[in-house]
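Good morning, and thank you for making time for this item. I would like to take the group through one model, chain by chain.

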Amino acid sequence: MAKVVVDAMAMQRALTRITYEIIERNKGIDDLIILGIKTRGIYLAQRIASRLKQLENATVPVGELDVSKYRDDIEHDSQENDPKVTVAKIDFPITDKKVILVDDVLYTGRTIRAAMSAIMDLGRPQQINLAVLVDRGHRELPIRADFVGKNIPSSQSERIKVSVSEIDGQDSVEIIDR
Amino acid sequence: MTQRFLILEDGSSYPGEGFGAGATTTGELVFNTSMLGYQEIVTNQIYHNQIIVFSQPTIGSIGITHDSYESILPTAKGMVVRDVSDISKNRQRSLSLDQFLKQHNIPGISGIDTRHLIRQIQKNGTMKGSIVDVDDDHAFDQLHATVLTNQQVAQVATPVPYPNPNSGYNVVVVDFGLKHGILRQLSRRKCNVTVLPWNTDAQSIISLDPDGVILSTGPGSPLDLPESVLEMIRTIQERIPLFAIGLGHELFALANGAEVTALPVAHHGASHPIRKIITNEIIYALEGQEFVVDGESVDRDRLITTYRDLIDSSIQGLRHRDYPAFSVQFFPDGAPGPNDSVDLFDEFIEIMGTREELHG
Amino acid sequence: MDNEIQKILIIGGGPTEIGHETELDAATLQMIQAFQKLGIRTLLIDNNPFSVALERVQPTNMFIQTVTTENVQRIIEKEHPDAILPTVGGVLAISVVQELQESGVLSDNGVRLLGIPSESMVDVNNPDRINDVLRQIGAPVISSETVGTLDEAVSVATKIGYPVIVKPVAPKLDTNRILCDNENDLINAVTQGFAWSRFSQCLIEQSIVGYKEIEMVAIRDFTGTQVLISSLENIDPIGIHSGDSMVVVPTQTLSNTEYQQLRDMTFAINNKFNFTGVSHIHFALDAQKETFYVTKVTPYNDRGTALAAVATGYPIATVAANLYLNLKLTEIRLPEIYHFRQTAMMEPTVDHVVVRIPIWPFEDVPNADQHLSTVMRSVGSTIGIGRSAEEAILKALRSSQFSPKDELPSMSNLSDSQIISRLIHPLASHILVLLEALRRGYQVDELNELTKVDPFYFYKLRHILDIEDEIKANPMGAKALKDGRYYGFGDGMIARLWRTDIDNVRQLGRDHDVVPTYKGIEPTAAEFLTEATGYYSTFEFENESNRLSDHSALILGRGGNQLGPNASADYFTTSMLRQLRKSGYKTIIMNTNPNAASLVATLTDKQYVDPIQLGDVLNVIEIERPEIIFVPGNRHYLTRELRRRHLHIAVLPPDQEKRSELVNNYAQIGLDLFITKDHIVPIVISDLRSDQGMATTFDQITVMKTPASIDDTQLDKILQHATDYLMNDPRTGLVQMLYTIDHRQPVFAGVRPSRLTTIAFLNKVTGINWVRMLIRQALGEIDEDLISNLPLDIHSDRVAIMRGTFPFKQLQLPSQLGLTTQEVGGRIAFGSNTKTIVDDEADETE
């Protein structure tokens, strides 16, 4: 059974709100870069960047991080092994930049930790902030999102499915009973 | 039906037929191009001191319905229409428009070339007018002599606090002459609302510990309100999520250093496309404004422009750079008008939710 | 903009019929103009000889063929268009494109669908599938089931409970719904429905008869930005087909809450199906329970979108054409004549009321069932525009009644029981019965109960009667005149109530300054001070219309379509308009048919939407002082009255009824000629036949075929006879000489003006527009050069056939011999020999 908990409108609003919060928290968008975690995190990162562009008329660079080990259609942030992150596409310097790391679902925190290590290998950012569309709880590491679209308390037997129109034909977040 | 006259400051006189109250009335002539919702329009307190000219030629055709009040005690000064029907909708056995206006002592005049009047107002700007029994010199003298109050907010806003209980977020609505649509939307989202008088100070609001504050719509010029209101806004926006609408939006802009100027002709209607800048979407909403935030004056280090009218380029929405505080010039609750932007209330709820996560 | 699209195939609407008239052709015309402006090559398939759109494409892009799947496939495979447009050809075009999609022809040839995405195309006109999708977005739909057999139908209907509605799934023509009160009705309806359905399936659904029917017309661009163009309110409740219902624009009896719900739902539906361009959604409202249902989703041009465009002054079809090419609403620049805005992005708001009243064919087809029901029977409609509901209703009514002297028929001879019966089971011109019932003292609530018409309209009708009483009681009273005119009474009506002459009424008006004021038809409700090109009259303070030019021509349209000349009359009118412009005139049209191509704003310099009645025409003449006035030949009284006032008039389209001299009862051969003072020019010689073979009376001649089946000797004899005869005859213009063949000898059977339908045939066969020749003749522009250079060949062996089409099927009559007075449209076919034509035509017979 799948239940839609965030519809297209609500997802738009969440990204809109996160965008404004990013501006609020960073006092503007100077030195900002956005890194999306593959696959859906990248689309969310691009949407946030396009919103910032609309508002501030300035381009914020968007880079991509790839969680190589896992398939696309299952949640990569599982408890099993620490995921391995490879840099897919970041063709700009990150030292002294303010990094916004974007993912669709925050779960154990392992993906985020791996992503942060990968970033640190590339350079020395001024700060790293985390934006997620869904925070579903069950953290195993001391990681906390700075910008959250929606908190969805969930049981571990449930799956959270995020769809984005770019590849899934619709925008939604569903809870699926396994 | 009795013959009455609509007389204008420029010396013109238009014969028509009286309906509603038989009183003589004077007010500023404004026109509204909405095709529906005469009841919502005439009960909206933004029309305090004003005589409303309706472009929709057939008025009164569904009578008065219980869910279309935007205030209980309307204070518009009159209705000018082409054609009025004295109908009470049989399904609700309620009042006709004529009966309703009589109860509230609001005169109406029908049989007027409203399209002509609207074209005149467009050409010559806003004018005062009176609905009178005789269009003699005396009537014109009276019209010219009438000075309309600039204390509209104080006249229509609640003088005492009142609650609108529910089980959700605690929301304070600062009442500058609010339209009920705002309360309806908050109620639908289960907000536990406290409505406070317009001149409540920041400390009194903070002491109620609200999750969010709304600055309501209202009549008149934001420039006629005291500086203390702007101070209240500046204090609140730093601490509590803030959503300001209509007059509230104009005050929010003033509080943050922008300037507000009077439009040459007031704009009331829902036919203008409005761009939501962040997503580039285009929406329609009821606009009702005599004032506009001067785009040049907006300090881009403090405020972000969030909505813009595509027809006249006017600023229709602002957001503070540093705080979760935002405003819209138009009326997102519709009533009457499109619901395209009604989810601004959801956005407000979600902002309150985020704050709760962070602080609570 | 989508630059990959360089060549578009448009599927035309085919012959006009009940269900669609000239509105499809008018929309096609606007699409073509818009596409051409964007530099796109536009192909058109249509076999409607009265198509105005066909004349706007180059001969190489014109496919005069029956709209069938096979023909369209052939064109696709030969021409390889980049895209196909299915939204201006009505239900038929949709079903053809569905078949082409199913069979893979579109994908195999890389042809893109415009307007309706392929995923949604399969749902269109399939109520069951539509309802499934609607349920996904939480849209309220009526409980229903699809059936494929009679047994299933009976059991489903029993389960749902009678009355039920039967709708064919994916119909081949615009059938809509059939109401069934019992099993007998059901079996008939389902049997019929299976035949109409492409899948031999019907949908059976719960009856919502008596609910209020509301329609919403919107446009949407590919990014999802939408504009609600207009709401339409059916005055008659569900149970009467919306094409047979009186319709008012905008809605008069909805609350803001109700309206916004429907607006939101319209947008949600368009988003779900991802339609671009225009879309038209029907709703049923249960006023008691304050609930609504979505009843029909039509993402294409139809009479509703045509009405919305005329009522608001917003050029829907032009904008839609741009939207199909993936231009955004904010990017679309409107043609300059639309002064109100620079881009298409604005939601129309109007400050007038428009009422549309249908026109039924029962005078010409007396054996048809005349009850109004869920099956459409009207063949045309007229609109009235005013600043009150009364004014709009009366104007529409005055135009729909075709009374030469502008008087309304009386229903006073109906008995009380007839009145009751007609209130419950409405017949044509229902509104006259409603008026009569009020006159006899029926109360509003009572009438609302019987008819389910909203009380608002009865208040308005009663007000009309009050005004009528006031006029009656005050002969030559200035106040009564003012009130009467203010609420839409025509000068002819007032003159009759006062038993006086119309001139006296008009003089009284002048004496007391009760004069018409014209208001612009534009979509901003005067918010922007711009000049409109379309106007209607009312009697208020400010007049916005001034004389257009000192070199103008006023063209009086034919008004609402009727059987007989029907679509050909409007085709004629548009041809006139083109020639007049070419001859340097500023053109002014007066018309009341919302579906007419002649009302398309780009075709004229100014439009008046007012009854084409003497008083209203004189009012326009007084403002415009045109150099010349063109009056349709069927308007004898009007012609006489205008002549009497020494106005410069020309009678075009020509008078069809008078000026015939017939010496026999029938004819087999017709020779059409163009005659000027100095020339007799034979154009085309044809066989004249009836729909079922030999015509035994003139009014059976509804088929023309050229070349005629005669030999050269006979032809020479006919030509010689015609020349000799016409030499001594005063008539000029287009005439048809009629002959029979007796023992291989041509025998003269008479002479008559060429019929309007015939003129369209002549145009298509010769490639010369003879309407324009007539205009040039009226303007004195015909000279020796012009005549001698006409590329005519009376001996041509190119085969062409034109046949009248008849509404018998839609009127649920058995096939019968059609008469000229019963023609609803026509179709034309060309070929190198008769056989190819017969083959082509065979494709469309079912």
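I shall begin with conventions, then turn to chains A and B, and finish with chain C.

This is a predicted model, in which local features need pLDDT of at least 70 and side-chain atom pairs count only at pLDDT 80 or more, while totals for chains, interfaces and linings use all residues. Residues are numbered from 1 along each chain as its sequence is written, and chains are lettered from A and ligands numbered from 1 in the order in which they are written.

Let us take chain A. Its secondary structure consists of four helices and nine strands; helices (H or I, at least four residues) and strands (E, at least two) are DSSP runs numbered from the N terminus. Along the sequence of chain A the elements run β-α-β-α-β-β-β-α-β-β-β-α-β. For 178 residues, a compact globule would have a radius of gyration near 16 Å, and the 15 Å of chain A agrees with that. The radius is taken over C-alpha atoms, and the globule rule is 2.2 Å times the number of residues to the power 0.38. The C-alpha atoms of chain A occupy a box of roughly 45 × 35 × 25 Å along the principal axes.

Of the 178 residues in chain A, 46% count as buried, a class that requires 20 or more other C-beta atoms within 10 Å of the residue's own, with C-beta atoms placed from the backbone. Two residues are in contact if their C-beta atoms, placed in that way, lie within 7 Å. Among contacts in chain A between residues at least 6 apart in sequence, 69% join residues at least 24 apart.

Chain B has 10 helices and 21 strands. With 360 residues, a compact globule would have a radius of gyration near 21 Å, and chain B, at 20 Å, agrees. Its C-alpha trace spans about 65 × 45 × 35 Å along the principal axes. In chain B, 61% of the 360 residues count as buried.

Eight strands form an open sheet in the order S24-S29-S28-S25-S26-S27-S30-S31 (chain C), with antiparallel pairing; two strands pair if DSSP finds at least two bridges between them. Strands S24 (661-662) and S31 (825-831) of chain C stand at the edges with a single partner strand each, so one side of each is left without a neighbour in the sheet. Within the sheet, S25 (residues 669-675) and S28 (residues 733-742) of chain C pair in the antiparallel sense over seven bridges, and C:Ile669 has C:Tyr739 in S28(C) as its bridge partner.

Definitions and conventions: A residue is buried if 20 or more other C-beta atoms lie within 10 Å of its own, exposed if 12 or fewer, and partly exposed in between; C-beta atoms are placed from the backbone.
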